[in-house]
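User: I'd like to learn how to read side-chain features off a model like this one. Could you take me through it?

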Amino acid sequence: MLYGGLPDTELLPTVADFFGVAVDTLFGRRAADYGGLKEEMAKHIAGEPEDRRFQTAIDYCWAIEKALSGEARIEDFSWEDVRTQEPDVYSQILFPSGISLFSLSAALPYFLLMPEPEGGWRSGLLPKEDYTVFFALLGEPKVLDALFLLYGRDGKPFTRRFLERELSLAEEDAERIARRLCGYGLLQESEIEGDDGVQEFYRFFPNPSFVALLAAARAMIRGPHLFQVYYSNRGGKPYL
């Protein structure tokens with residue numbers, strides 16, 4: 001029903017849903033209540049097809065990145081607008097309350113958000129000795145080759161001879177690498193009873209943090225050469 005050319009007020013929610021806006025927007029007003037915003041965002045992402053959820057989520061991440069800088073007009077720069085085919089292009093925000101790093105490369109997109117706790121990040125880190133041992137392991141001959149090989153496979157069990165053959169390793173080197181990776185929970189050694197006796201084999205349990213580590217390491221090795229957005233207001237506050 002129309003009154004003076006306007007729709008019945010009972011129809012306003014339907015009209016607002018059709019255009020994907022709030023009822024206040026129909027009257028040129030901006031809603032100030034953000035209480036249900038997180039729930040609506042979650043519904044939006046969950047309602048997307050599974051193969052689209054990460055793309056939808058990263059669009060929200062870019063909105064968060066812009067908002068952290070204090071810029072309210074985030075609608076002018078969507079993720080589709082800023083992502084690029086160029087490597088090593090980032091957005092970075094550095095405040096006393098936390099840091100963010102957004103890789104805008106279409107080949108390696110990610111969003112790192114780290115609010116700084118009251119005691120600083122160092123309180124949540126491992127002892128320096130643990131990092132020394134881990135990074136030394138990555139620097140040992142063929143270890144990184146073994147990890148790239150295993151992360152590129154379909155997860156089928158394999159024997160130590162597989163490592164020997166694929167990486168041109170001596171038996172003792174293949175055993176050493178497998179043992180070290182077992183220590184980090186990436187490999188699990190098992191046995192099977194066969195016609196020729198007991199045979200040892202390994203199962204690989206990939207930790208996705210390895211991929212994130214490689215992405216973060218790229219930002220240190222190559223360094224950003226262009227910032228789409230950069231805000232720094234840490235005022236000399238140390239990171240660790």
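**Reading the side chains**

Analyst: Helices (H or I, at least four residues) and strands (E, at least two) are DSSP runs, numbered from the N terminus. Tyr131 is partly exposed, at 30% relative accessible area. On that scale, buried is under 20% relative accessible area, exposed is over 50%, and partly exposed is in between (1.4 Å probe, protein chains only).

User: Before we go on, what are the ground rules for the numbers?

Analyst: This is a predicted model, where local features need pLDDT of at least 70 and side-chain atom pairs count only at pLDDT 80 or more, while totals for chains, interfaces and linings use all residues. Residues are numbered from 1 along each chain as its sequence is written, and side-chain values use heavy atoms, with hydrogens and water left out.

User: Fine. How many helices and strands does the protein have, and what share of its residues counts as buried?

Analyst: There are 10 helices and eight strands. Of the 240 residues, 27% count as buried. The accessible surface is about 16,600 Å², and carbon and sulfur atoms own 57% of it. Those areas come from the Shrake-Rupley method with a 1.4 Å probe; for residues, only the protein chains shown count as cover.

User: How do I read aromatic pairs, and how many does the structure hold?

Analyst: Rings of Phe, Tyr and Trp (its six-membered ring) pair if their centres lie within 6.5 Å; planes under 30 degrees apart count as stacked, over 60 as edge-to-face and the rest as tilted. The structure holds 12 aromatic pairs. Take Trp62 and Phe102: the ring centres are 5.5 Å apart and the planes are at 80°, so this pair is edge-to-face. Trp62 belongs to helix H4 (residues 53-68) and Phe102 to strand S4 (residues 98-103), so the pair ties together parts 40 residues apart in sequence.

User: Are Trp62 and Phe102 buried or exposed?

Analyst: Both are buried, and Phe102 has 0% relative accessibility. Phe102 also pairs with Phe111 in a tilted arrangement, 5.0 Å centre to centre with 35° between the planes. Put together, Trp62, Trp79, Phe102 and Phe111 form one aromatic cluster.

User: What about charges over rings? Which residue lies over the face of Phe162?

Analyst: The test is that NZ of Lys or CZ of Arg is within 6 Å of the ring centre and within 35 degrees of the ring normal. Arg153 lies over the face of Phe162, 4.5 Å from the ring centre. Arg234 does likewise over Tyr239, at 4.4 Å.

User: Now salt bridges. How many are there by the rule?

Analyst: You look for a side-chain nitrogen of Lys or Arg within 4 Å of a carboxyl oxygen of Asp or Glu. The count comes to 14 salt bridges. In one of them, the side chains of Arg176 and Glu140 meet at 2.7 Å, N to O. That pair links distant parts of the chain: Arg176 is in helix H9 (residues 171-183), Glu140 is in the loop between H6 and helix H7 (143-151), and they are 36 residues apart. Arg176 is partly exposed at 24% relative accessibility, and Glu140 is partly exposed at 22%.

User: Which other residue bridges to Arg176?

Analyst: Asp173 does, with the closest N and O atoms 3.8 Å apart. Asp173 and Arg176 both lie in helix H9, three residues apart, about one turn of the helix. Through shared partners, salt bridges join Glu140, Asp173, Arg176 and Arg180 into one network.

User: Last one: how do I read contacts, and what does Gln92 touch?

Analyst: Contact means heavy atoms within 4.5 Å. Gln92 is in strand S3 (residues 89-95) and counts as buried, at 17% relative accessibility. Not counting residues up to four places away in sequence, Gln92 touches Glu65, Ser100, Leu101, Phe227, Val229, Tyr230 and Tyr231. For the protein, residues 24 or more positions apart account for 48% of the contacts with a separation of 6 or more.
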